[in-house]
Amino acid sequence: MPVGHDAAVDHNAALRRVAATRYVTPFREGGSLPGLVEADDLGMYVLKFRGAGQGLKALVAEVVVGELARRLGFRVPEVVFVDLDPTLSKAEPDEEIQDLLNASGGVNLGFDYLPGSFDFTPRVRDPGAELAARLLWLDALVLNVDRSWRNPNMLLWHREVWLIDHGASLYFHHRWGPGWQPAPSYRYDAADHAMLPAAGSVVDADRELRPRVMPVLDEVLALVPDEWLVAEPTPGSAADTRAAYTAYFASRIERADQWVPALEETRAARV
Ligand SMILES: Nc1ncnc2c1ncn2[C@@H]1O[C@H](COP(=O)(O)OP(=O)(O)OP(=O)(O)O)[C@@H](O)[C@H]1O
Ligand SMILES: [Mg+2]
């Protein structure tokens, strides 16, 4: 695919839907045992299984954060829904993978496989102070703890930085129930963030990105299947759940004047 094929993803359209035709191989390093699958459009996708231990909430976080990131100008592999027929497990000798496939009938999540990509950290290549600061800001917004220098969850592909693995973000949704309200503040420790040593001004990143979140949020939340939004624990219906995510983002954005200076302090302590 040509560089910049992310530009071909239509921000306003629903995510594409494909059907898995072949399970190729597991990504052993992934905690959730993601697998490489081939689909009926002949594309290859990194599949995050609905039946994995992380559950549907991780898939919701992947869609919400990945699609928000894309709209804020980050590079994210195309996200597709992948229908999986559990009988694919019949061709699979490994029992753990058989179980995963058997538990994952229905709609799963796929990411366009970036062939020849490799793990990115600022030691591999300088990402630029601006991109680094923006990513620090994004991860603090969505409470993404999975971008440490140990586990950067960024890929270098065609000389660009691509973001992956947002399933651990928005962790508050694991404790949802009726009447849930966003907390006045959330703990976010950026000390181990992979981009910290390279980041420029987070205040500048904040000024640029803050106004762009709420205008695209409804469109992003609309991409998530209702069925995923009512998985327990939940504040209520799919509409209630979307409203709860919106309440979180509104509150977090409103309090950016508290957490942005905290990020700047962490950065100053590091430099
Ligand atoms: N779109 C992609 N193209 C190429 N390789 C990918 C892609 N997405 C993921 N990978 C590879 O698969 C690995 C596992 O993916 P990912 O980090 O999303 O899974 P995970 O189970 O959430 O991982 P962990 O919890 O261990 O961080 C990545 O480290 C990367 O090497
Ligand atoms: Mg990962």
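Helices H4 and H6 (residues 238-254) pack with their axes 11 Å apart and at an angle of about 175°. That makes H4 roughly antiparallel to H6 (angles over 145 degrees count as roughly antiparallel, under 35 as roughly parallel, 65 to 115 as roughly perpendicular and the rest as oblique). This is a predicted model, in which local features need pLDDT of at least 70, side-chain atom pairs count only at pLDDT 80 or more, and totals for chains, interfaces and linings use all residues. Residues are numbered from 1 along each chain as its sequence is written, while chains are lettered from A and ligands numbered from 1 in the order in which they are written.

**Helix packing**

- Axes are lines fitted to C-alpha atoms, for helices over the stretch in contact, and angles run from 0 to 180 degrees between N-to-C directions.
- Helices (H or I, at least four residues) and strands (E, at least two) are DSSP runs, numbered from the N terminus.
- On the H4 side, Arg210, Val213, Met214, Leu217 and Leu221 meet Arg242, Tyr245, Thr246, Phe249, Ala250 and Ile253 of H6 (two residues are in contact if their C-beta atoms, placed from the backbone, lie within 7 Å).
- The contact of H4 with H6 has 8 nonpolar, 1 polar and 2 charged residues (Ala, Val, Leu, Ile, Met, Phe, Trp, Tyr, Cys and Pro count as nonpolar, Asp, Glu, Lys and Arg as charged, and the others, Gly among them, as polar).
- Helix H3 (residues 129-142) and helix H4 (residues 202-222) have axes that come within 8 Å and cross at roughly 70°.
- H3 and H4 are therefore roughly perpendicular to each other.
- Ala133, Arg134, Leu136 and Trp137 in H3 meet Val202, Asp204, Ala205, Asp206 and Leu209 in H4.
- By class, 6 nonpolar, no polar and 3 charged residues make up the contact of H3 with H4.

**The sheet S6-S7-S8**

- Three strands form an open sheet in the order S6-S7-S8, and their pairing is antiparallel (two strands pair if DSSP finds at least two bridges between them).
- Strand S6 (118-119) and strand S8 (160-163) stand at the edges with a single partner strand each, so one side of each is left without a neighbour in the sheet.
- S6 pairs with S7 over 2 bridges, and phenylalanine 118 has leucine 156 in S7 as its bridge partner.
- Strand S7 (residues 154-157) pairs with S8 over 4 bridges, and tryptophan 157 has glutamate 160 in S8 as its bridge partner.
- S7 and S8 form a hairpin with 2 residues between them, and histidine 158 in the turn has a positive phi of about 50°.

**Strands S1, S4 and S5**

- Strand S1 (residues 17-26) and strand S4 (residues 79-84) pair in the parallel sense over 3 bridges, with alanine 19 opposite aspartate 83 in S4.
- S4 and S5 run antiparallel and are joined by 6 bridges, with valine 79 opposite phenylalanine 111 in S5.

**Two domains**

- The protein chain is divided into domain 1 (17-112) and domain 2 (118-270), and these bounds come from an automatic or database domain assignment.
- The C-alpha centres of domain 1 and domain 2 lie 22 Å apart.
- Domain 1 gives 26 residues to the contact and domain 2 gives 28 residues.
- Helix H1 (55-71) and strand S5 (106-112) are the elements that give two or more residues to the side of domain 1 that touches domain 2.
- H1 supplies the largest share of that side, 16 residues.
- The residues of the side of domain 1 that touches domain 2 divide into 16 nonpolar, 4 polar and 6 charged.
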